[in-house]
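Please read them with the sequence and structure in view.

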Amino acid sequence: MTQPSLTERRKAATQLDIARAAAALFAEHGPDGTTAEAIARRAGVALRTFYRYFRSKQDAVGPLLSGGAERWRALLEAAEPGPLHPTLEAAVREALAAPDAATAEQLKWTRGLLRAAERDPALRAVWYRVNQDSEERLLPVLTHLAGPDADPLEVRLAAAAATDAIRVALEAWAGTDAPAAGPHSPAELAVRCLRELTGGMRLLSR
């Protein structure tokens, strides 16, 4: 896998700084009480820099909402081709576990944003777009893992089901006060959702 350039890493770091500033302001004032100008000021960037990266204040939290999907996809990209179900389940468990402060913080931001999204259609649209993008980017990874003889339709269904398993798990967890690890955590809920959604899939039963 090609490593990102220094410019790309700096761009990603700036986007994440803006995303954290937006999420913090949403938590303090709600999306309606937050402006793009306030987000840029909190992030320490010019307003034109904000709009270079994001179209709206809701778009700004995209990097926070997509962080878990990127970890999960990286785990799958590093896996060897073979039976898909155990590979998917192991990646889900590891990607949504909270073994360190950084991952726990990511989940905390996600919970707050998903709660805010219940009252903000534009923020919900960002969340749905993040999941659609994740599914599309997951498809070639699963195609490689499943091997050349796999039915493309079955691979597409697996990508959709796996993406929805994580989405539903995070949404269900965000509506509770359950901890980030242990029973009823995102990892445990996502594995349960994955098993329910893929139980009848031939590709994942081989």
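1. Helix α7 (residues 101–117) has 17 residues, which at 1.5 Å a residue should span 24 Å; its end C-alpha atoms are 24 Å apart, in agreement. The expected span is 1.5 Å times one less than the number of residues. The buried residues of α7 are Thr103, Gln106, Leu107, Trp109, Thr110, Arg111, Leu113, Leu114, Ala116 and Ala117. Here buried means under 20% relative accessible area, exposed over 50%, and partly exposed in between (1.4 Å probe, protein chains only).

2. On provenance, this is a predicted model, in which local features need pLDDT of at least 70 and side-chain atom pairs count only at pLDDT 80 or more, while totals for chains, interfaces and linings use all residues. Residues are numbered from 1 along each chain as its sequence is written, and side-chain values use heavy atoms, with hydrogens and water left out.

3. The secondary structure of the protein chain consists of ten helices and zero strands. Helices (H or I, at least four residues) and strands (E, at least two) are DSSP runs, numbered from the N terminus.

4. What are the overall dimensions of the protein chain? Its C-alpha atoms fill a box of roughly 55 × 40 × 30 Å along the principal axes. Of its 206 residues, 46% count as buried. Contact means heavy atoms within 4.5 Å; among contacts between residues at least 6 apart in sequence, 70% join residues at least 24 apart.

5. The largest nonpolar core has 64 residues, and those with the most contacts inside it are Trp72, Leu76 and Leu142. Helix α9 (residues 152–174) supplies the largest share of this core, eleven residues. Such a core is a set of buried Ala, Val, Leu, Ile, Met, Phe, Trp, Tyr and Cys residues joined through side-chain atoms within 4.5 Å.

6. Which residues does Trp72 contact, leaving aside neighbours within four places in sequence? They are Leu88, Ala91, Val92, Ala95, Leu138, Ala162, Thr163 and Ile166.

7. His85 is located in helix α6 (residues 84–96). Its relative accessibility is 18%, so His85 counts as buried. Residues up to four places away in sequence not being counted, His85 touches Arg195, Thr198 and Leu204.

8. Glu70 belongs to helix α5 (residues 67–77). Is Glu70 buried or partly exposed? At 40% relative accessibility, Glu70 counts as partly exposed. Between Glu70 and Lys11 there are 59 residues of sequence separation and a C-alpha to C-alpha distance of 16 Å.
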